[in-house]
Amino acid sequence: MLHVRICPGGAPKGASLPEYTINHEHLIAFIEERIGDRRVIRLIRKWLKAGVMENGVVTTSDIGSPQGSVISPLLSNIYLYRVFDIWAHQWRQSPGRGCMIVVRYADDFVCGFEREADAKAFLADLEARMETYGLSLHPDKTRLIEFGRYAAERRASRGLGKPETFTFLGFTHICGRTRRGKFALTRKSRSDRMRNKLREIKEQLRRRINESIPEQGRWLGQVVRGYFAYHAVPGNSRALEAFRRNIGIEWLRLLRRRSQRAECSWEKLARLARQWLPMPRILHPWPSVRFAVKHPR
């Protein structure tokens with residue numbers, strides 16, 4: 001398993017990375033393959049050179065797609081589609097390669113390999129490919145790990161510990177087991193992301209301190225349902241329960257601050273939570289069901 005995060009080439013470790021070092025000429029050449037209208041091309045060139053304003057200071061650059069620009073995610077995906085996606089598909093089809101799977105979201109992607117030799121060769125070729133187009137792999141977030149159905153058994157035979165985990169799209173992916181002892185991919189919500197989300201909700205809740213309890217309850221219910229809509233995957237029930245419980249605790253603290261005479265017991269909070277906060281419930285199917293393919297024949 002190869003977990004890769006792309007970062008701007010040439011940036012020192014730990015430095016602020018405001019923009020990708022995308023080569024403008026390469027990017028325009030990729031776009032011109034599909035778009036023939038010169039007015040659109042001219043507009044994109046202006047977009048790239050418009051710069052960004054930070055603390056009242058406008059900075060421009062001849063390379064990169066400025067972070068925060070409305071078109072930046074689209075241009076970055078066009079660039080990576082030509083630089084990485086097409087190349088990875090061709091690399092996978094080379095003779096002598098084992099099974100390989102690639103999942104990419106923006107600049108973060110995971111590659112799974114049947115053979116360790118293929119993973120090492122792909123990583124070396126990938127570094128050279130990225131360097132050619134002005135990109136580099138994040139030194140701290142790019143890892144080659146042993147992961148999968150037989151990872152735990154193989155590591156145990158070598159006297160090693162449990163398989164390493166990796167984070168992707170807000171989840172920590174773990175080599176887990178079912179109740180019957182079979183392999184199961186376990187996904188847990190990232191604890192740091194959850195803490196940041198709770199901190200954000202706490203700040204917004206403070207600004208609603210003068211609202212009525214029904215208004216606060218309706219808003220918190222929408223927040224909890226929105227969080228569950230993404231994170232309610234199989235095996236993640238404890239994280240969902242922890243999120244709902246922490247929301248209730250912050251709500252209780254707020255209600256107790258409203259007035260020195262205000263009294264809000266845990267029993268009252270439990271009634272409010274039952275009324276306004278949805279209970280944790282798994283909304284997404286298991287991967288075995290989600291990717292099951294049925295054919296009429």
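Helices and strands here are DSSP runs, numbered from the N terminus: a helix is H or I over at least four residues, a strand is E over at least two. The model on screen is predicted.

**Stop 1**

Select Asn236. This residue sits in the loop between α7 (213–231) and α8 (237–257). Is Asn236 buried or exposed? Its relative accessible area is 0%, so Asn236 is buried. Show the side chain and look for the backbone oxygen of His231, which the side chain of Asn236 reaches at 2.8 Å. Leaving out residues up to four places away in sequence, Asn236 touches His231 together with Phe171, Arg187, Lys188 and Ser189.

**Stop 2: helix α8**

Continue into α8 and select its end C-alpha atoms. They are 31 Å apart, and this agrees with the 30 Å that the 21 residues of α8 should span at 1.5 Å a residue. The expected figure is 1.5 Å times one less than the number of residues.

Now colour the buried residues of α8: Ala239, Leu240, Ala242, Phe243, Arg244, Ile247, Gly248, Glu250, Trp251, Leu252, Leu254 and Leu255. What do the buried residues of α8 pack against? Their partners are β12, α6 (191–206), α7 and α9.

**Stop 3: helix α9**

Select Lys268, a residue of helix α9 (residues 266–276). Lys268 has a relative accessibility of 29% and therefore counts as partly exposed, since that class lies between the limits of 20% and 50%. Draw a distance from the C-alpha atom of Lys268 to that of Leu252: the two are separated by 9.1 Å, and the residues are 16 apart along the chain. Leu252 is one of the buried residues of α8.

**Stop 4: the three-stranded sheet**

Show β10, β11 and β12. They form an open sheet of three strands in the order β10-β11-β12, with antiparallel pairing. Its edge strands are β10 (166–168) and β12 (183–189), each of which pairs on one side only. On average, and with direction ignored, neighbouring strands of this sheet are turned by 40° against each other.

Zoom in on β11 (residues 171–177) and β12. These strands run antiparallel and are joined by seven bridges.

Then move to Leu169, in the loop between β10 and β11. Leu169 is not a glycine, yet it has a positive phi of about 55°. The relative accessible area of Leu169 is 35%, which means that this residue is partly exposed.

**Stop 5**

Select β6 (residues 100–105) and β7. Here six bridges join the two strands, which run antiparallel. Val103 stands opposite Val110 in β7. In a regular strand, side chains alternate between the two faces of the sheet.

How many residues lie between the strands of this hairpin? There are two, and Ala106 takes a positive phi near 60° in the hairpin. Ala106 lies in the loop between β6 and β7 and, with a relative accessible area of 32%, is partly exposed.

**Stop 6: the nonpolar cores**

Select Tyr79, Phe84, Phe122 and Leu126. These are the residues with the most contacts inside the largest nonpolar core, which has 29 residues. Elements giving two or more residues to this core are α1 (24–32), α2 (38–49), α3 (72–92), β7 (108–113), α4 (116–132) and β8 (135–137). Which element gives the most to this core? It is α3, with eight residues.

Keep Phe84 selected and show what surrounds it. Apart from its neighbours within four places in sequence, Phe84 is in contact with Val102, Arg104, Phe109, Cys111, Phe122, Leu126 and Met130.

A second, separate core has 25 residues, including Leu198, Ile201, Ala239 and Leu277.

**Last view: the whole protein**

Zoom out. The protein has 10 helices and 12 strands. Of its 297 residues, 37% are buried. Among contacts in the protein with a separation of 6 or more, 59% are between residues 24 or more positions apart.

Conventions: Residues are numbered from 1 along each chain as its sequence is written. This is a predicted model: local features need pLDDT of at least 70, side-chain atom pairs count only at pLDDT 80 or more; totals for chains, interfaces and linings use all residues. Side-chain values use heavy atoms; hydrogens and water are left out. A nonpolar core is a set of buried Ala, Val, Leu, Ile, Met, Phe, Trp, Tyr and Cys residues joined through side-chain atoms within 4.5 Å. Buried means under 20% relative accessible area, exposed over 50%, partly exposed in between (1.4 Å probe, protein chains only). Contact means heavy atoms within 4.5 Å. A polar contact is a pair of N or O atoms within 3.5 Å; within protein, one must be able to donate a hydrogen and the other to accept it, and residues adjacent in sequence count only if both atoms are side-chain atoms. Two strands pair if DSSP finds at least two bridges between them. Axes are lines fitted to C-alpha atoms, for helices over the stretch in contact, and angles run from 0 to 180 degrees between N-to-C directions.
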